[in-house]
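Me: I am new to this structure. Please take a close look at one part of it for me, and start with some background.

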Amino acid sequence: MADFETPELREYPIIPKLKEGVMEHSKPYVAKVQFQEALGFPGELVDNWEEKALEKLDDLRGRYRSLQVYLDSCVKCGACTDKCHYYLGTSDPKNMPVARQDLLRQVYRRYRTFAGKYFPKLVGAKDLTKDVLDDWYSYFHQCSQCRRCSVYCPYGIDTAEISMAAREIMDTIGVGQKYCNEIIGKAATVGNNLGLPEPALADTLEGLEEEVEEDTGVPVKFPLDQKGAEILLVTPSADFFAEPHVDGLIGYAKVFHEAGVSWTMSSYASEAANFGMFIGSYENMRNLSLRIRKAAEDLGVKRIVFGECGHAWRVAYSFLNTLAGPFDFLDPNYPVPQHICEFTYDLIQKDKLKFDKSENDHMTLTFHDSCNVARASRMGDKAGGQFDIPRAIIRAACNNFVDMPADAIGEATFCCGGGGGLLTDDLMELRVKGAQPRMEAYKRVVEDNGVTNVAAICAICKSQFTKVLPYYGFGMTDIVSVHQLVSEALILSDAPSDDTESNAEAEA
Amino acid sequence: MSALSVTYAILFYAATLLLVVGLVRKIALYARTPAPLKIPTTPAPVNRTGVVLRMVQEVVLFTSLFKATKWTWLFGWLFHLGLLLVLLRHLRYFQAETWFWVDLIQPFGKYASYAMVVGLLGLFARRIFVDRVRYISAPSDYLMLLLLIVIGISGMLMTFVTHTDIVMVKGFFLGLLRFSIEPLPSDLLLLTHLTLVALLMIIFPISKLLHAPGVFFSPSRNQVDNPREKRHLAPWAADLEK
């Protein structure tokens with residue numbers, strides 16, 4: 001399938017021995033001039049890049065307390081060294097979180113600390129050279145910003161913050177990543193990551209309406225740009241066509257239908273994902289978020305609900321109010337924004353949804369906690385609701401559910417291997433290797449508990465699983481959307497029931 | 001007033017000054033720098049009280065480290081707990097009339113030095129023998145541990161083996177507190193101990209020892225998880241809205 005070896009799945013995870021330099025060659029394509037410039041970055045490496053990079057580092061240290069504190073505080077205790085899925089899957093020591101941070105820290109020390117200026121060798125400080133920049137480009141694009149390391153760090157040092165800063169520094173000197181920057185450009189102009197214009201979107205949604213009506217006999221709507229609707233649904237654009245994402249979208253539509261609320265999507269803000277976060281750019285992240293605010297204002301909705309997407313939910317839950325708030329024009333009785341899982345869960349709690357769980361009996365499910373949902377956001381009003389609520393929904397819609405081992409779920413969950421702006425074909429080796437810890441945990445429940453499918457609430461996870469599951473000998477369709485399970489089992493109360501039909505026949 | 005006392009007096013005044021000024025500057029920098037986004041590592045407390053509790057657990061029990069690796073936790077915690085008791089015990093050299101609890105903890109403080117040194121040796125061994133930790137260690141990481149180990153062992157030798165004239169030592173430090181230079185015993189062990197302690201004070205604010213104030217300023221640990229309920233806006237981010 002490719003020119004690298006898929007890692008072996010062992011019965012129990014083993015921490016690998018270091019293999020220096022084995023992932024040095026892994027680099028995503030560099031963004032072309034026009035895509036760089038569209039985001040306000042220089043098109044290519046600027047002449048005085050060393051100086052500019054240090055200037056940007058100083059600027060970011062002054063704007064982000066996290067960066068300043070994290071650069072200073074690491075004691076090299078090693079707590080994080082075996083926590084990164086990319087280290088576990090590749091054995092490259094520069095994929096240990098602390099070593100990844102040190103790629104930036106060594107430069108900070110060299111130019112901005114007393115010890116590094118006068119005793120560089122003693123404290124491991126290094127000059128900013130082309131080799132160091134190459135290392136940055138390679139290894140800061142081997143971090144999916146999943147925050148697993150930050151759970152275990154005694155000071156909460158979050159490598160995601162460091163890699164975001166490093167990517168922003170690289171963008172500022174003209175070395176951007178093609179995948180992320182092209183996508184941000186599309187979302188900022190067309191309204192979604194795919195560059196899907198309004199007519200195409202309307203057409204897709206119409207197709208879905210027909211499909212669902214054919215399937216259920218119920219005219220479930222997929223409204224677009226409907227002014228005066230109560231709810232604006234913002235969902236990752238992959239939900240419009242990718243499998244199994246689209247089955248999740250059908251699930252949301254059925255839940256809205258059953259709840260009897262009016263809702264709409266927006267062609268102007270037809271994207272929940274916000275890749276501005278991946279490149280650490282507050283301005284780009286804000287730009288994209290403001291589209292959602294504008295759509296909500298223009299459509300006159302009262303609530304905003306987000307579809308299944310991990311990093312999108314982080315930006316929505318943790319940052320939206322900051323970036324595009326305050327949302328005082330929306331209904332204050334609901335949190336802004338709400339997750340579709342919160343919405344569905346509320347209805348289940350109020351006993352407003354009826355399920356025929358047997359519809360999902362052909363599957364035994366497990367749940368993959370997506371990193372940004374698990375470690376960077378919440379659902380509901382209690383800490384940890386992000387773990388309980390999706391599981392409660394799955395249990396409401398399915399009879400067979402088993403969790404993966406405790407060290408691979410909840411706050412300890414492993415990234416799918418494709419998050420953080422790495423879901424691109426030019427990083428396939430990294431993606432496959434980085435998925436190993438997750439696949440190992442999945443294999444455990446497949447073998448021990450007869451699990452057949454894994455459910456997720458993240459567009460990136462779903463796409464990544466579809467791609468990497470086959471490398472490990474699993475089926476690409478093992479991955480399902482949580483709201484796909486809801487969709488399968490939900491009983492639509494206005495459905496023409498089989499009983500009525502047969503009764504009618506009997507009477508006739 | 002011997003040259004020795006004058007030298008050490010100057011050394012300790014300088015070290016104290018560098019320590020205090022260095023730390024105050026760093027803490028001011030951390031406090032001044034905004035945290036523009038809500039980034040607590042979740043699940044996180046949803047109110048202030050919860051955050052205080054989280055921070056206390058983190059600082060007193062090293063909960064995150066405990067989740068990460070039991071050996072590092074054990075050695076790290078032994079060292080820090082030992083160090084704390086040892087430091088508290090040393091308060092008696094700075095008080096003419098010691099507080100009752102300082103008297104009370106003297107025996108604990110004495111034996112805590114064992115915990116401190118054992119913890120340090122464990123951390124040192126880990127740095128040498130675990131390939132991952134060896135990879136990330138710079139010379140300064142080993143030297144820092146050595147520095148603390150020698151401080152600990154020189155102190156223990158004076159406590160348990162060859163006593164120095166601690167009355168005179170106390171006189172010296174009480175003297176420093178009122179800006180008067182009193183005699184100091186010219187005991188090699190004591191002078192080694194004191195020199196290294198001063199060195200530790202000097203490098204504290206310019207080294208990784210900044211993790212001590214740093215942990216309190218870590219946004220992933222000290223933020224309340226309430227972004228939907230309360231709008232969080234940094235001054236520079238507010239300027240973007242103008």
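What radius of gyration does chain A have, and why does that value agree with a compact globule? After that, show me how helix α6(B) and helix α8(B) pack.

Reply: Keep in mind that this is a predicted model. Chain A comes first. Its radius of gyration is 23 Å, and this agrees with a compact globule because one of 508 residues would have a value near 23 Å. Along its principal axes, the C-alpha trace of chain A spans about 95 × 50 × 40 Å. Chain A holds 23 helices and 7 strands. Of its 508 residues, 59% are buried. Take the contacts in chain A with a separation of 6 or more: 79% of them join residues 24 or more positions apart.

Now to the close look, in chain B. Helix α6(B) covers residues 106–129, and helix α8(B) covers residues 139–161. Their axes lie 9 Å apart. The packing angle is about 155°. That is over 145 degrees, so α6(B) and α8(B) are roughly antiparallel to each other. Their crossing is left-handed.

Which residues make the contact? From α6(B) come Lys110(B), Ser113(B), Met116(B), Val117(B), Leu120(B), Leu121(B), Leu123(B), Phe124(B) and Arg127(B). From α8(B) come Asp141(B), Tyr142(B), Leu145(B), Leu148(B), Ile149(B), Gly152(B), Ile153(B), Gly155(B), Met156(B) and Thr159(B). By type, the residues of this contact divide into 12 nonpolar, 4 polar and 3 charged.

Methods
Residues are numbered from 1 along each chain as its sequence is written. Chains are lettered from A and ligands numbered from 1 in the order in which they are written. This is a predicted model: local features need pLDDT of at least 70, side-chain atom pairs count only at pLDDT 80 or more; totals for chains, interfaces and linings use all residues. Helices (H or I, at least four residues) and strands (E, at least two) are DSSP runs, numbered from the N terminus. The radius of gyration is taken over C-alpha atoms; the globule rule is 2.2 Å times the number of residues to the power 0.38. A residue is buried if 20 or more other C-beta atoms lie within 10 Å of its own, exposed if 12 or fewer, and partly exposed in between; C-beta atoms are placed from the backbone. Two residues are in contact if their C-beta atoms, placed from the backbone, lie within 7 Å. Axes are lines fitted to C-alpha atoms, for helices over the stretch in contact, and angles run from 0 to 180 degrees between N-to-C directions. Angles under 35 degrees count as roughly parallel, over 145 as roughly antiparallel, 65 to 115 as roughly perpendicular and the rest as oblique. A crossing is left-handed if the near helix is turned anticlockwise from the far one by less than a right angle, and right-handed if clockwise. Ala, Val, Leu, Ile, Met, Phe, Trp, Tyr, Cys and Pro count as nonpolar, Asp, Glu, Lys and Arg as charged, and the others, Gly among them, as polar.
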